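Here is a friendly walk through one protein chain, from its overall build down to a handful of single residues. Please keep the structure open while you read.

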Amino acid sequence: MKPFFFTRIQYTSGDWETDQRMPSNLMHSLVEYTTLPVDQKEKVVQLSSPDLFKSPFCYLSGHKLVEFSAQERDHFKRYVQNGGFVFVDDCNHDVDGLFAKSFEQEMARTFGPKALQKIPNSHPIYTCFFKFPEGPPTTSFELNGWGDDLVHDYLKAIMINGRIGVLYSNKDYGCEWDYDFRNKRFLAEDNTKFGVNIVTYALTA
């Protein structure tokens, strides 16, 4: 079995290089809790590159504008439709919600206006490894970019043939998990456990 590797998507608009310590923290959790072989070095792949199609799991994040070029849009769509999985996390620190608004518009342009839908808290992603019976765990970083002071009690997804192809979070898990993994010992509960579920689902669904 080839080692799992974490791929961060680099796109031409916005700021894609957020949450620098998050990938190594999440990969440490995969080593700690699962038997999955893990390549612990993060890969960065341009969305316009054919190398995208070698990745089983991709992460895309930012605070600013998301606007794909024609080639980036074509690659994103083909990657997802061919069985790829993208976890998209809104860093959510921008009061006008620019990342959220522009990403959701980009998904509507790419997959259709109704493609991005809330997933129920009974979805298998919440029970495929650790159990999260109440749905997505809360974060201390969620500052709603729309300015309505709501904490989102759901995640959204684009479903492809019955499985999640794009998992979309407004909860800022990237910042929540952006710390040195050695500091986990100070936490009452390891807050990266949901990340283990996301990867497990991406690789097995």
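Does arginine 163 count as buried or exposed, and at what relative accessibility? At 13% relative accessibility, arginine 163 counts as buried. Please bear in mind that this is a predicted model.

## Overall build

The protein chain has five helices and seven strands. Following the sequence, these elements come in the order β-α-β-β-α-β-α-β-β-β-α-α.

For 205 residues, a compact globule would have a radius of gyration near 17 Å, and the 16 Å of the protein chain agrees with that. Along the principal axes, the C-alpha atoms fill a box of roughly 45 × 45 × 30 Å. Of the 205 residues, 53% count as buried. Take the contacts between residues at least 6 apart in sequence: 77% of them join residues at least 24 apart.

## Surface and charge

The protein chain exposes about 9,700 Å², and carbon and sulfur atoms supply 53% of that area. Its side chains include 22 positive and 27 negative ones, and the centres of these two sets lie 6 Å apart.

## Arginine 163 and its surroundings

Back to the residue of the opening question. Arginine 163 belongs to strand β7, which spans residues 163–169. Leaving aside neighbours within four places in sequence, arginine 163 is in contact with Val80, Gly83, Gly84, Phe85, Ile158, Tyr201, Ala202 and Ala205.

## Phenylalanine 57

Phenylalanine 57 sits in the loop between β2 (38–46) and β3 (58–62).

## Two helix residues

Asparagine 25 is part of helix α1, residues 22–33. Its relative accessibility is 0%, so asparagine 25 counts as buried. Setting aside residues up to four places away in sequence, asparagine 25 touches Trp177, Tyr179, Phe181, Lys184 and Thr192.

Threonine 200 lies in helix α5, residues 193–204, and counts as buried at 16% relative accessibility. With residues up to four places away in sequence not counted, threonine 200 touches Cys128 and Phe129. Threonine 200 and isoleucine 125 are 75 residues apart in sequence, with 8.3 Å between their C-alpha atoms.

## Two aspartates with positive phi

Aspartate 19 has a positive phi of about 50° although it is not a glycine. This aspartate is found in the loop between β1 (4–10) and α1. At a relative accessible area of 7%, aspartate 19 is buried.

Aspartate 172 likewise has a positive phi, of about 60°, and is not a glycine. Its place is in the loop between β7 and α4 (173–176). Aspartate 172 is buried, with a relative accessible area of 0%.

## Cysteines

How many disulfides does the count come to? The count comes to zero disulfides. Cysteine 128 is in no disulfide, and the nearest cysteine sulfur, that of cysteine 58, is 18 Å away. Cysteine 128, a contact of threonine 200, is partly exposed, with a relative accessible area of 29%.

Cysteine 175 counts as buried, at 13% relative accessibility.

Note on methods: Residues are numbered from 1 along each chain as its sequence is written. This is a predicted model: local features need pLDDT of at least 70, side-chain atom pairs count only at pLDDT 80 or more; totals for chains, interfaces and linings use all residues. Side-chain values use heavy atoms; hydrogens and water are left out. Helices (H or I, at least four residues) and strands (E, at least two) are DSSP runs, numbered from the N terminus. The radius of gyration is taken over C-alpha atoms; the globule rule is 2.2 Å times the number of residues to the power 0.38. Buried means under 20% relative accessible area, exposed over 50%, partly exposed in between (1.4 Å probe, protein chains only). Contact means heavy atoms within 4.5 Å. Accessible areas come from the Shrake-Rupley method with a 1.4 Å probe; for residues, only the protein chains shown count as cover. Lys and Arg count as positive and Asp and Glu as negative; His and the chain ends are not counted. The place of a charge is taken as NZ of Lys, CZ of Arg, CG of Asp or CD of Glu. A disulfide is a pair of cysteine sulfur atoms within 2.5 Å.
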